Amino acid sequence: MPHASVRPVAMRDLTTLKVGGPAELWEVEDAEGLAEATREPYRVLGAGSNLLVSDAGVPDRVIRLGRAFNDLRSVDGPPELWLGAATPLPGLVRRAQKLGLSGLEGLLGVPAVLGGAVAMNAGTRFGELSDTLQQVELFVNGALERVPASALNLGYRHAEIPDGAVVTRARLRLTASDPEAVQARMVEVDAARKSQPKIKSAGCAFKNPPGDSAGRVIDAAGLKGLRVGDAMVALEHGNFIVNLGNATARDVCELLERIRQRTPVPLELEWRRWGF
Ligand code: FAD
Ligand code: EPU
């Protein structure tokens, strides 16, 4: 297998919001591939589910961890898992449930890969990745290094990944439990998501302000259905911006701006913006 493969892409094809222009995708399979890919300025892509990429695309290399970093098939029992960062979270959550391992069920419905879930400390009010994360492996300054989760200062949608570091693996500690008990918790988490739209989005656009919900704030301001081009504040949930078809990054930025102008509380973007 080659260490890395390179191809031109349109970022709209690699992001869940389906917005964003051209980039050079470096799909890497090992540390040698990472060493090669990181010789020029780069960014790291997970599943692209929390990204707003500009219509002009990104001049930097976009690095994505390849199949060699997807360890979903090796998840087979022990409560402690050491998994590649390209392991898809939805599959992992389901697999853990089947094996009677508890700790990840709060992340049901988060369409990330493990590396992106670490970088964002993905979570819901039912639990965050930091509840189970013990250790990560980082590719940093040309070498692989292991650091304890505590070094990342994980908080609400917050992780301090050293500048330029690529999360390559993560160690999760789950708890042996009854598959049916885990399933029951998942039903609860799923129910809390019923108000979320099913069409193209990047999840919640803004972080929740302390003690409140950005969705409630945007809803209370009467902004559901507000539209710029094909970007619209979801009718189901005020903190989701949906792409009705051909939204551009410019549309989305204009919509974010209008939301901020018309809401009484300062709203901090949860999405990562690339290429602006
Ligand atoms: P990306 O979006 O690709 O990247 C996000 C950031 O992480 C970027 O800065 C990127 O550079 C960095 N990154 C990615 N991989 C690595 C790596 N290996 N090493 C270093 N940095 C890396 N989020 C929640 O927290 N809770 C939710 O309930 C939730 N629900 C969602 C529902 C929907 C329908 C959608 C579309 C999104 C939702 N999100 C939610 C947002 C999103 O899934 C999370 O932020 C997730 O953690 C992003 O992971 P990703 O792999 O897609 O990362
Ligand atoms: N609300 C409204 N109107 C709306 C949206 C919400 O009044 O349009 C009210 C709800 O009725 C509820 C409260 O606001 O009383 C909270 O809403 P919800 O339960 O939907 O949770 P949230 O705070 O809006 C958070 C996360 C979601 C996560 C859910 C489920 C953030 C920014 N959002 O949403 O995460 O899935 O809880 O736990 O923390 C994401 O981060 O991308 C994301 C989707």
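Student: Which residues are closest to ligand 1, and how many surround it?
Tutor: Ligand 1 is surrounded by 33 residues. Val44, Gly46, Ser49, Gly123 and Arg193 are the closest. Near here means that a heavy atom of the residue lies within 4 Å of the molecule. Keep in mind that this is a predicted model: local features need pLDDT of at least 70, side-chain atom pairs count only at pLDDT 80 or more, and totals for chains, interfaces and linings use all residues. Residues are numbered from 1 along each chain as its sequence is written, chains are lettered from A and ligands numbered from 1 in the order in which they are written, and side-chain values use heavy atoms, with hydrogens and water left out.

Student: Which elements supply at least two residues of that shell around ligand 1?
Tutor: Strand S3 (42–45), helix H3 (114–120), strand S8 (123–124), strand S12 (166–173) and strand S17 (272–274) each do. H3 gives the largest share, five residues. Helices (H or I, at least four residues) and strands (E, at least two) are DSSP runs, numbered from the N terminus.

Student: What backbone atoms sit by the oxygen atoms of ligand 1?
Tutor: A polar backbone atom of alanine 47 is 2.9 Å from an oxygen atom of ligand 1. For glycine 48, a polar backbone atom is 2.8 Å from an oxygen atom of the ligand. Asparagine 50 has a backbone N or O atom 2.8 Å from an oxygen atom of ligand 1. The cut-off for a polar contact is a pair of N or O atoms within 3.5 Å; within protein, one must be able to donate a hydrogen and the other to accept it, and residues adjacent in sequence count only if both atoms are side-chain atoms.

Student: How much of ligand 1 does the protein bury?
Tutor: Taken alone, ligand 1 exposes 970 Å², and the protein buries 91% of that. Accessible areas come from the Shrake-Rupley method with a 1.4 Å probe; for residues, only the protein chains shown count as cover.

Student: Now ligand 2. Which residues come nearest?
Tutor: Tyr156, Cys204, Asn208, Asp219 and Gly238, out of 21 residues around ligand 2. Helix H5 (residues 214–220) gives the most to this shell, with three residues.

Student: Which side chains put polar atoms by ligand 2?
Tutor: Arginine 125 has a polar side-chain atom 3.2 Å from an oxygen atom of ligand 2. Histidine 237 has one 2.9 Å from an oxygen atom of ligand 2. With aspartate 219, a side-chain N or O atom is 2.7 Å from a nitrogen atom of the ligand. Ligand 2 alone exposes 820 Å², of which the protein buries 75%.

Student: Is cysteine 253 buried or partly exposed?
Tutor: Partly exposed, because its relative accessibility is 22%. Buried means under 20% relative accessible area, exposed over 50%, partly exposed in between (1.4 Å probe, protein chains only).

Student: Change of topic. Where does valine 62 lie?
Tutor: In strand S5 (residues 61–65). Valine 62 is buried, at a relative accessible area of 0%. Leaving aside neighbours within four places in sequence, valine 62 contacts Met11, Ala23, Glu24, Leu25, Trp26, Arg43, Leu45 and Trp274. Contact means heavy atoms within 4.5 Å.

Student: Which way do S2 and S5 pair?
Tutor: In the parallel sense, over five bridges. Two strands pair if DSSP finds at least two bridges between them. Tryptophan 26 stands opposite isoleucine 63 in S5.

Student: And S1 with S2: parallel or antiparallel?
Tutor: Antiparallel, with seven bridges joining strand S1 (residues 4–10) to S2. Valine 9 has alanine 23 in S2 as its bridge partner.

Student: Why call S2 largely enclosed?
Tutor: Because five of the seven residues of strand S2 (residues 22–28) are buried.

Student: Last one. What order do the strands take in the open sheet of three?
Tutor: S14-S15-S16, with antiparallel pairing. Strand S14 (227–228) and strand S16 (241–243) stand at the edges with a single partner strand each, so one side of each is left without a neighbour in the sheet. Three bridges join strand S15 (residues 231–233) to S16. Among the paired residues, methionine 232 has valine 242 in S16 as its bridge partner.
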